[in-house]
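Subject: Handover of a structure

Dear colleague,

Please find the structure below, together with its sequence. My notes on what was found follow it.

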Amino acid sequence: MDGKREAQIQRKIEKLKQDLVGLGELRPGSLSTQYNVCGSPGCRCKATPPEKHGPYYQVSFTRKGKSSTKFVRKQDLPAIRKQLKNYESMKMLIDRWIELSTELSNFRLTRDRA
């Protein structure tokens with residue numbers, strides 16, 4: 001690897017950093033749709049076929065070793081979906097940054113030993 005390749009990797013890393021800054025709000029987890037059956041006798045959810053209550057939306061995630069689930073209002077779904085997508089993008093960008101940084105570090109270590 002020469003100085004040109006080193007500069008190219010550094011430019012790619014800087015681009016990744018800019019992409020990270022531009023992501024916006026982040027939210028880890030996954031979104032699911034839930035339906036439920038209540039305890040009221042004669043309710044439509046007990047009919048044949050049942051008409052369950054819902055949909056209800058929730059985000060499930062694990063953060064710092066603790067699992068959690070939060071209900072989401074229907075009107076908040078677009079924002080939540082965007083935050084979830086941003087979080088996935090952030091993970092991919094960071095993985096790429098680590099790959100490039102490792103490549104750059106290996107190059108510099110080899111160069112400095114020569």
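The protein has two helices and three strands; helices (H or I, at least four residues) and strands (E, at least two) are DSSP runs, numbered from the N terminus. Along the sequence they follow the pattern α-β-β-β-α. Please note that this is a predicted model, in which local features need pLDDT of at least 70 and side-chain atom pairs count only at pLDDT 80 or more, while totals for chains, interfaces and linings use all residues. Residues are numbered from 1 along each chain as its sequence is written, and side-chain values use heavy atoms, with hydrogens and water left out.

Overall dimensions

The radius of gyration is 23 Å, whereas a compact globule of 114 residues would have one near 13 Å (taken over C-alpha atoms; the globule rule is 2.2 Å times the number of residues to the power 0.38). Along the principal axes, the C-alpha atoms fill a box of roughly 80 × 25 × 25 Å. Of the 114 residues, 24% count as buried, that is, under 20% relative accessible area with a 1.4 Å probe, protein chains only.

The sheet

The three strands form an open sheet in the order β1-β2-β3, with antiparallel pairing (two strands pair if DSSP finds at least two bridges between them). β1 and β3 stand at the edges with a single partner strand each, so one side of each has no neighbour in the sheet. On average, neighbouring strands are turned by 35 degrees against each other, direction ignored; axes are lines fitted to C-alpha atoms, for helices over the stretch in contact, and angles run from 0 to 180 degrees between N-to-C directions. Six bridges join β1 and β2 in the antiparallel sense. Leu31 has Val59 in β2 as its bridge partner.

Helix α2

Helix α2 packs on the sheet and touches β1, β2 and β3, its direction making about 140 degrees with that of β1. Its 37 residues (77-113) should span 54 Å at 1.5 Å a residue, and the end C-alpha atoms are 54 Å apart, which agrees; the expected span is 1.5 Å times one less than the number of residues. The buried residues of α2 include Leu77, Ile80, Tyr87, Met90, Leu100 and Phe107. What covers the buried residues of α2 includes α1 (3-21), β1 (30-36), β2 (53-63) and β3 (66-72). Contact here means heavy atoms within 4.5 Å.

Yours sincerely

Conventions
Buried < 20%, exposed > 50% of the residue type's maximum accessible area, 1.4 Å probe, protein only.
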